[in-house]
Amino acid sequence: MADRQTATGDIGLVQTFVNTVDLQDGPEELSDPNTLKAWLVAHRLLEGTQPVDASDLKHATALREAIRSVIGANSGSKVYPVDIATLNEAAGASGLRMRFGSDGKPRLEPEATGVVAAMGRIVAAMYAAMEDENWTRLKLCTSQTCRWAYYDRSKNHSSRWCTMASCGNREKARRFRTQHTLS
């Protein structure tokens with residue numbers, strides 16, 4: 001959705017990856033190996049000559065949901081062990097190693113190739129994003145049917161919904177109906 005808050009840099013890449021599916025209204029951007037490849041190439045995480053298959057798609061969507069879970073912790077949700085295991089598996093499979101760039105700054109880079117390396121680059125971006133003081137501004141909409149990752153730009157970091165116009169209004173109307181039905 002265009003009116004939802006977005007971040008930039010590593011936080012923005014992580015947010016964009018998680019939001020490749022709109023759980024509430026669709027669509028699923030990573031619907032098959034070709035759409036996964038196109039997304040990875042467009043975000044410079046994979047060379048266009050690399051093959052992508054159904055197992056790569058399965059791993060990418062599992063990683064996406066594990067990252068969604070970790071972002072949920074910024075909104076007060078629980079992070080499940082299976083999600084941590086998925087993140088650790090992606091980091092390990094890609095062979096992430098610390099490397100120094102020409103600017104002298106350290107970064108994580110995968111030793112693997114192909115989609116495994118691309119998933120490692122996403123995990124490395126997540127690591128860098130979590131090191132940023134603004135990481136806690138990346139949250140999940142508290143609407144259980146939405147769970148969109150949004151960047152909380154409020155002064156006191158207290159936003160609960162991706163947008164007040166959609167999820168916020170729905171949640172407030174639901175609460176109002178519940179209170180008035182019980183009375």
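Visitor: Is Arg68 buried or exposed?

Guide: Keep in mind that this is a predicted model. To judge burial, look at relative accessible area: under 20% is called buried. Arg68 has 2% relative accessibility, so Arg68 counts as buried.

Visitor: Which residue forms a salt bridge with Arg68?

Guide: For a salt bridge, look for a side-chain nitrogen of Lys or Arg within 4 Å of a carboxyl oxygen of Asp or Glu. Arg68 pairs with Glu65, with the closest N and O atoms 2.7 Å apart. Both residues sit in helix H3, three residues apart, which is about one turn of the helix.

Visitor: What else is linked with Glu65?

Guide: Glu65 also forms a salt bridge with Arg64, where the closest N and O atoms are 2.9 Å apart. Arg64 is buried at 4% relative accessible area, whereas Glu65 is partly exposed at 28%. Together with Glu28, Arg64 and Arg68, Glu65 belongs to a network of salt bridges.

Visitor: How many salt bridges are there?

Guide: The count comes to seven. One of them joins Lys139 and Asp152, with the closest N and O atoms 2.7 Å apart. This pair links distant parts of the chain: Lys139 is in strand E3, and Asp152 is in the loop between E4 and helix H6, 13 residues away. Lys139 is buried at 7%, and Asp152 is buried at 0%.

Visitor: Where is the cis peptide bond?

Guide: Check the omega angle: the bond from Gly26 to Pro27 is cis, with omega near 5°. Pro27 lies in the loop between helices H1 and H2.

Definitions and conventions. Residues are numbered from 1 along each chain as its sequence is written. This is a predicted model: local features need pLDDT of at least 70, side-chain atom pairs count only at pLDDT 80 or more; totals for chains, interfaces and linings use all residues. Side-chain values use heavy atoms; hydrogens and water are left out. Helices (H or I, at least four residues) and strands (E, at least two) are DSSP runs, numbered from the N terminus. Buried means under 20% relative accessible area, exposed over 50%, partly exposed in between (1.4 Å probe, protein chains only).
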